[in-house]
Amino acid sequence: MPFQPVKFYQTGTFTVGNRLLALEQRSVQANMQRTNSLNSGHRACQGCGEALGARYAIDAAMRASNKQLIAANATGCLEVFSTPYPETSWQIPWIHSLFGNTAAVATGIAAALRVKGRREVRVIAQGGDGGTTDIGFGCLSGMFERNDDVLYICYDNEAYMNTGVQRSSATPPAARTATTMPVGPEPGNVFGQGKNVAQIAMAHNIPYVATATVADLHDLEYKVNRAMGMHGARYIHIFVPCPLGWGAASNDTIRLARLARETGLFAVYEAEHGEVTSVSKIRKRVPVEDYLKLQRRFAHLFGKTPALETIARIQAMADKNIRKFGLLEQGGQ
Amino acid sequence: MDKPFAITLDVGSSLANHTGSWRTSRPLYVDSLPPCNNACPAGENIQGWLFHAEAGDYEAAWRVLVQDNPLPAVMGRICYHPCETSCNRGQFDSAVGINSVERFLGDEAIKQGWKFAVPDKASGKKVLIVGAGPSGLSTAYHLVRLGHQVVIFDAGPLAGGMMRFGIPKYRLPRDVLDAEIKRILDMGVMLKLNTRVDNILDTMKSGGFDAAFLAVGAHIGKRAHIPAGSAAKVLDAVGVLHSMEGEEKPMLGRRVVVYGGGNTAIDVARTAKRLGATESIIVYRRTREKMPAHDFEVEEALQEGILIKWLSTIKQVSDEGALTIEKMVLDDKGFPQPTGEFETLESDSLVLALGQDVDLSLLNGVPGLEIKDGIVQVMPNMMTGHPGIFAGGDMVPSERTVTVGVGHGKKAARNIDAWLRGGEYAAAPKHELAAYEKLNPWYYSDAPKIMRPMLEVVRRQSTFDEVQGGLDETSAQFEARRCMSCGNCFECDNCYGVCPDNAVIKLGPGKRFEFNYDYCKGCGICVSECPCGAIKMVPEDV
Amino acid sequence: MLKQCEGSHAVASAVAMCRPEVICAYPISPQTHIVEGLGEMVKSGNLAPCEFINVESEFAAMSVAIGASAAGARSYTATASQGLLFMVEAVYNASGLGLPIVMTVANRAIGAPINIWNDHSDSMSQRDCGWIQLFAENNQEALDLHIQAFRLGEELSLPVMVCMDGFILTHAYERVDIPAQEQVDSYLPAFVPRQILDPAEPVSIGAMVGPEAFTEVRYLAHAKQMQALELIPQHAAEFKQIFGRDSGGLVRPYRCEDAETIVVALGSVLGTLKDTIDEMRDAGHKVGVLGIVSFRPFPLLAVREVLKNARRVVVLEKSLAVGIGGIVATDVRMALSGLHLHGYTVIAGLGGRAITKASLHKMLERAVKDELEHLTFLDLDHNLINRHLEREKQKRRSGPMAENMLRDVGVVAARIA
Ligand SMILES: Cc1ncc(C[n+]2csc(CCOP(=O)(O)OP(=O)(O)O)c2C)c(N)n1
Ligand code: SF4
Ligand SMILES: [Mg+2]
């Protein structure tokens, strides 16, 4: 959401709340009555970006749907840390079926609700990047193509975290994972073609596609809200840093998400019916090193002899995003 | 619902799992000392009053402000605002216009007629204050708030001290000064004007005072030994500025030379210009960089057409007023050294602005006092060597500014109060400084500083109208909102929002937050993402 | 109402009368006609309210059914063979979650080599998946079992597979008695889910369960199937009251009372077997047939009761547990624990090979003389096998076995669908 300085508000909408803003301009997370859809006591690691992203998104969806919400969840960290018997952290009707079928399960729920005439109850499917871009991709694409009334949310932490940090198709080049070790002539993950599921979602011409990060709460909530205001297949891809998997400090989760955006490595935008409708501009552009250096998965790039060429290639990816999506303000540097 | 065993669970049941046990360090809310507060000579809680101004609650803001400083409208005009110099926002874009907001609040208070509250419990103690300048007035104000009875004696015809007799009207309009003094007097302070104290001990005894605070200022202009013809018109700056307040304005002539490099020199030169001098020239020994006057004042003077001769000393004044000037050079230590090169400068009058001395005659015969370099030495509690006699302002060793004087007043009042009660005032320990590095400035919106409007130069050259205007409400509020609230929670809800474990409890507007250590895993995101550095991590003792 | 129609059509009509709310399907022979029929009914508005969803895979089909069922909708799908295998993960999941989905399996062989014709390999591969598995002998029973399946599944909160032989039943035109809607309605009450995803009463379904409770969860799954053993005969009895015919139940013995030799089998082959047995009875052999309707839960006691006085049992099955032999046979043997009678396993009808009366006669005649091998492949072409084995002995890389054998038969590529 583009920042709108109606009047100057000290932090504008950059912070979670802002006592100077009108209540309706504050985030859902600022509200004392927020649902805490994913409640305390879950077993996510310290500083888990996915736990944060899930609460942000689902709380926002709960508000948007007036608490008439059902969620289907793919196997993955989010599912495991939230519902180990005998405790669940969810406060909403929630189902976990399998790793790769979440979009389809959600389709089924939506179909059941439709047949029962319960239009007011809305359906969300959610999963990790693995559950979305890899194993669940078929079901996801099918759901898109049928334009089922489901909002699918992918929490992208760029690897299979739950099984111990293996590479997924969302793992960035050069990143170390358990299956792309920093050894050999091309250490870390390969520079592949990439698999940009948000763009693929757009290619399905579904009503709404958006990307977001946990560093940009108002933007994230706005997008969830916007998506919830529509029917049909919708997709939101949320960037959620993983301290454990990325080898980052647990307190750096939001900083990393912010840097991913500010470097241009992760483009934040929204699209309707296959066309980009808005782009979140970079506020203070930074070189990719600022982002990479905070993560041990990229540590091999900054050894005794820094892998300048590799870093330059990653920078080129960021630059390309900046060009492609127009991530800089007019006249920005 | 007939739930299948283990597969289907009751919502929210994870509350039974206290993840707080994972923690190795815990977050704590702290209130650190914002650099502005730290720098304020009057000890104002600047961040504290800006907080209310941000929300548009100007009266609350003003009330927090006047807990420390009873003269905000004056301060908002003449304070040299070291707060702004050290303001963290200066490292982000430019310092918060603290002084502008203070002035706005001060003016607003006058406009709205806000009054000081007076305590209903009287201590029964009576304190004499000598001097109704900033320091004396401030002490009086704070003592009254502490329940004491206060009487001020001042030798002059009007209260205000240097604020009236040292600072020109164009910087501090007198109605503003009068209003703020009146508000203090309205608290029940008795003011005796035109009353010189010749012997402090006698006065205390006869008046039945339990303690005294001396703040007579420094009103005696320093004279340099410049050989001058008997007809030469050589005046001193304090005298000139003082007479501006009388019926008879000083006669300075068309070419006025001011000798000195402090703020007083600038004030006199600018005053001379306004009185009609075609040329008002400042002669100063060193360079602009070395000049003690504040640069913005120098700048304003130059704008008004004041000329400044740098690296020049006055050696001699002839009867006709011709000044012999010697050119100087700076040595490697930055001291001016004579060159032996001379020139002549014509003048109708020469005003010496070389500093002021204190009139210490009232202290004659007081035992125990220590006087050094013409000023009274005081202990850290502002008490002189004589028990019960305290002193402050320009007559004690310190920087001579109104704000420092006001600060002395607060400090002295607290110590006098303690002394009167037979105890000792112990200041609360200072909080850790909220350094810029502790902030997460990402969260602050970009917002360039709003400058106050300035009177156009022509009117500055011919009238005593106030040079610097104030901000209107919108701009003042904008400026207040630029404050980053360094080191003090401003309820932005970030911690409440960013905790992945919902381990932050929001207590409601104005009540801030609390950690729920049952669930806090100690990830530290709240600390990193607190914009103002009001949370810190401390190791958990295991 | 009596009607001459295709098996698939009969099943589609029955399913429609059960008022399913969500049907999802992905095409695979020989299941196609069933869902095509239902799709048309939904599209035309004759089956309403109902959502018919064309999914992108069987995995999605079962997953959609899972979601729909968890949200309280009566859900149905159908598949076969490769399709069933493709959805396996979700098949297990549906039963694990206790969702009463009904699925038709139009039984078909599993490749490679790919083969579209009938046998029971597909549903047998899922015998441990936690679903109830009912096998239909003919189209009437296929129709009836679907009605019973919804009733049973929903009462127990367990999914039910109705297995019917692909092509042999699905594509066969037979006369069936299509019940009236009122009859079905009086037999099958509205679906009241045990657990439901509903904002009014939120729950978390599908928790992760560790060693501390997993065994108990599995035990309970088993206990539920044991409950089904009691319910199935009750439901069959009720069914008879309303519909006036015997359908379903656990087992169906035919001329077993005094039989010395009893053949155990499932599905449509029972018809041929009964004819064969009749002829053998006429020839003086004391033979009988035991049809198993409920393969899961497996009615150990009922089977034992029928077999206990026989001298030998021949299990004829359309599936092969490669490396050991019979699948049904193993279960039957369980039922006979402690009883001493000869047991034979006959693998027949794989990949659509016709099971003829002649072959059955030949086989049974040897069986009654106890001349049968313990594991017999009915009508196995020994020449073909021997030639291939010979070839393999000579040359390690002898090429694809199936192709070689077909070349021997002389119809390369002629029968690959
Ligand atoms: C069919 C299947 N294959 C593999 C797995 C093992 N598995 C469980 S979670 C997971 C990784 C999940 O990764 P992702 O979807 O990115 O979510 P994350 O844990 O990173 O949040 C894998 C591989 C599985 N549960 N099911
Ligand atoms: S930003 Fe505000 S709190 Fe921080 S130093 Fe400046 S005025 Fe003080
Ligand atoms: Mg992942």
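Let me start at the interface: between chain A and chain B, 40 residue pairs make polar contacts, both residues at pLDDT 80 or more. A polar contact here is a pair of N or O atoms within 3.5 Å; within protein, one must be able to donate a hydrogen and the other to accept it, and residues adjacent in sequence count only if both atoms are side-chain atoms.

A word on conventions. This is a predicted model, where local features need pLDDT of at least 70 and side-chain atom pairs pLDDT 80 or more, while totals for chains, interfaces and linings use all residues. Residues are numbered from 1 along each chain as written, chains are lettered from A and ligands numbered from 1 in written order, and side-chain values use heavy atoms, without hydrogens and water.

Back to the interface. 54 residues of chain A contact 54 of chain B, contact meaning heavy atoms within 4.5 Å. The two chains bury about 4600 Å² between them, 52% of it on carbon and sulfur atoms. That is accessible area (1.4 Å probe) lost on being put together, summed over both parts. Phe8(A), Gln10(A) and Arg19(A) supply 17% of what chain A buries against chain B, more than any other three residues.

Now charges. There are three salt bridges between chain A and chain B. The rule is a side-chain nitrogen of Lys or Arg within 4 Å of a carboxyl oxygen of Asp or Glu. One of them joins Arg19(A) to Glu54(B), with the closest N and O atoms 2.8 Å apart.

Last, ligand 2. Its surroundings include Cys36(B), Cys87(B), Cys483(B) and Cys486(B), near meaning a heavy atom within 4 Å.
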